[in-house]
Amino acid sequence: MWPRLPGPPPRRRPPDAHVEISPRSSDSSLKIGEVHEANRKAVGRTILHFDAVESTNETAKELLESDVEEGLVVWADRQAAGRGRHGRAWASPLGGLYASFILRPREAHAWVLGLLFGMPVVKALRHFGVFAGLKYPNDAMYQDRKIAGILSEGVYRHDVYHVVVGIGVNTNVDLEKLPAEVQPKATTLKREVNLFVANEEFLDYLLNQVDDLYSRYRNTRIEFLVKDYRGQCTTIGKRVSVTMGKEKLTGKAYDIGTNGALVIIDDQGAKHDFFEGTLEILK
Ligand code: BTN
């Protein structure tokens with residue numbers, strides 16, 4: 001039996017996270033395994049596997065207090081308070097894949113890394129039979145339904161800059177287990193593929209792809225990787241409507257900047273850099 005690790009303080013469950021956590025694990029994180037894969041270059045050499053946590057991103061950030069190796073992976077079977085972008089909840093029932101990576105990039109690249117990590121996710125989904133594409137910035141979509149999401153966060157600990165990249169994939173999840181309002185816009189591997197794929201197998205393949213990408217990130221100019229991302233981003237070329245704070249604009253998604261911004265040309269021909277906000281694809 002693995003020792004019980006100190007877990008994050010209990011937090012209120014977000015209203016739309018339909019997760020049932022047993023009393024045994026509701027107030028602490030239970031580590032159920034630790035895997036070492038020496039063949040990987042940087043990411044996924046050590047994987048800490050938890051039964052349930054509040055959020056793998058939060059557990060990863062707590063681990064930054066100790067001297068953890070770069071590339072450490074926190075993987076949980078379920079999350080009681082999974083977090084998405086824009087402060088939204090990420091419903092994390094049993095069956096889905098929830099993992100976070102600790103990285104120490106050479107520059108403050110949390111946003112671009114979050115963007116680039118969409119590529120290995122799409123690669124893994126395609127490998128297992130779902131021909132997904134990337135909606136800007138990093139939603140893995142299949143037939144206009146979201147199947148995976150990424151939350152990347154830049155964190156300073158003891159003056160060292162870290163990026164925690166969290167990935168949630170709806171793998172072996174029944175659509176009905178997701179919140180009612182999410183269901184019409186979401187899909188799952190189980191729903192799309194008539195073959196059972198164990199989370200271990202999916203994670204193993206995903207980690208190999210993430211490890212390759214991160215090694216390229218460390219050894220290549222970022223422009224080349226952004227160019228690859230552009231090729232997988234299905235938002236490019238589409239008419240979009242975005243809101244950035246109080247500003248709203250409509251135009252054509254035209255390019256990805258080397259800073260990771262989506263470049264939009266509005267109807268008057270002016271270029272705008274879009275990062276965060278809401279983005280709607282217009283038909
Ligand atoms: C989004 O599309 O809004 C991002 C979703 C990110 C969810 C993952 S699941 C693993 C990690 N832990 C979290 O709390 N969030 C990310």
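**Strands and helices in these views.** Helices (H or I, at least four residues) and strands (E, at least two) are DSSP runs, numbered from the N terminus. The model is predicted, so local features need pLDDT of at least 70 and side-chain atom pairs count only at pLDDT 80 or more, while totals for chains, interfaces and linings use all residues. Residues are numbered from 1 along each chain as its sequence is written, and side-chain values use heavy atoms, with hydrogens and water left out.

**View 1. The loop between β7 and β8 holds Asp144.** Strand β8 spans residues 145–157. Although Asp144 is not a glycine, its phi is positive, at about 65 degrees. Is Asp144 buried or exposed? Its relative accessibility is 59%, so Asp144 counts as exposed (buried means under 20% relative accessible area, exposed over 50%, partly exposed in between, with a 1.4 Å probe and protein chains only).

**View 2. Asp159 sits in the loop between β8 and β9.** Here β9 covers residues 160–169. Asp159 is not a glycine, yet it has a positive phi of about 70 degrees. Asp159 counts as exposed because its relative accessibility is 77%.

**View 3. A cis peptide bond joins Tyr136 and Pro137.** The omega angle of this bond is about 0 degrees. Look for Pro137 in the loop that links β6 (133–135) with β7 (139–142).

**View 4. The ligand is surrounded by 20 residues.** A residue is near a molecule if one of its heavy atoms lies within 4 Å of it. Which residues are the closest to the ligand? They are Ser55, Gln79, Arg83, Arg85 and Lys146. By class, the shell has six nonpolar, 10 polar and four charged residues; Ala, Val, Leu, Ile, Met, Phe, Trp, Tyr, Cys and Pro count as nonpolar, Asp, Glu, Lys and Arg as charged, and the others, Gly among them, as polar.

View 5. Two or more shell residues come from each of α2 (56–63), β5 (97–103), β8 and β9. Strand β8 gives the largest share, four residues.
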